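Have the viewer open as you read.

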Amino acid sequence: MIRIGQGFDVHRFQEGRPLILGGVRIPHSHGLIGHSDADVLLHAITDAVLGALGKGDIGTYFPDTDPAFKDADSAELLKAVWEMARSAGYKLGNADATIVAQRPKMLPHIPAMRERIAELLEADVGRVNIKATTTERLGFTGREEGIASLAVVCLVKEG
Ligand SMILES: Nc1ccn([C@@H]2O[C@H](COP(=O)(O)O)[C@@H](O)[C@H]2O)c(=O)n1
Ligand SMILES: C[C@@]1(CO)OP(=O)(O)OP(=O)(O)OC[C@H]1O
């Protein structure tokens, strides 16, 4: 059995916040704000896993009104969702994601993000691909107001 899910998320920049993407701290003047640590890449991947499972979205399980998830480590949220996939008998086929950001340059940080995401999804790093693009200074990402991420996840189960 093969199941596919997609995810999309956006978070706003604020000066002086830590920037955490794909579970990796990235040096930058601004970080993202949210109820959690605002890891927009892990949120998109979490939603893609839930989409593949047909189990709703990240806010269904971790509401942004619940103080329990204030400043939550998004890696822990993805781990909990991955446990749902694993207990249903799925393994990662592959994950592919795009970070939409004018700055900072993501390329130097992508190997570390791939390693961390592969670890969270209990898969070889070759099954995880992360890309980055600017929007050529157009729109909210181009104005550096925030970062968007998109993700697709394919889950596979024997039989
Ligand atoms: N924040 C970003 C954005 C892009 N990259 C890398 O640059 C390449 C060219 O980006 P364009 O938006 O001009 O197509 C892109 O393919 C990425 O490799 C990046 O590292 N960080
Ligand atoms: C992760 C959660 C929960 O802390 O909060 P945020 O960091 O605001 O992220 P978002 O992608 O807006 O929605 C999911 C939330 O429920």
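**A glycine and its sheet**

Start at G146, which counts as buried because 20 other C-beta atoms lie within 10 Å, and the cut-off for that label is 20 or more. Keep in mind that what you're looking at is a predicted model.

So where does this glycine sit? G146 has its place in strand β7. Skip its neighbours within four places in sequence, and the residues in contact with G146 are V10, H11, R12, F13, L32, F140 and T141.

Strand β7 covers residues 146–156 and pairs with strand β1, residues 2–15, in the antiparallel sense over 11 bridges. To get your bearings along this pair, find V10, which stands opposite A148 in β7. In general, strands of a sheet pair through backbone hydrogen bonds, either parallel or antiparallel.

Now zoom out to the whole sheet. It is an open sheet of 5 strands in the order β4-β1-β7-β5-β6, and the pairing is mixed. At the edges you'll find β4 (30–33) and β6 (128–133), each of which pairs on one side only. From one strand to the next, the twist averages 25°.

Last stop: the helix. Helix α4, made up of residues 110–120, lies across β5 (91–100) and β6, and runs at about 140° to β6.

Key
Residues are numbered from 1 along each chain as its sequence is written. Chains are lettered from A and ligands numbered from 1 in the order in which they are written. This is a predicted model: local features need pLDDT of at least 70, side-chain atom pairs count only at pLDDT 80 or more; totals for chains, interfaces and linings use all residues. Two strands pair if DSSP finds at least two bridges between them. Helices (H or I, at least four residues) and strands (E, at least two) are DSSP runs, numbered from the N terminus. Axes are lines fitted to C-alpha atoms, for helices over the stretch in contact, and angles run from 0 to 180 degrees between N-to-C directions. Two residues are in contact if their C-beta atoms, placed from the backbone, lie within 7 Å. A residue is buried if 20 or more other C-beta atoms lie within 10 Å of its own, exposed if 12 or fewer, and partly exposed in between; C-beta atoms are placed from the backbone.
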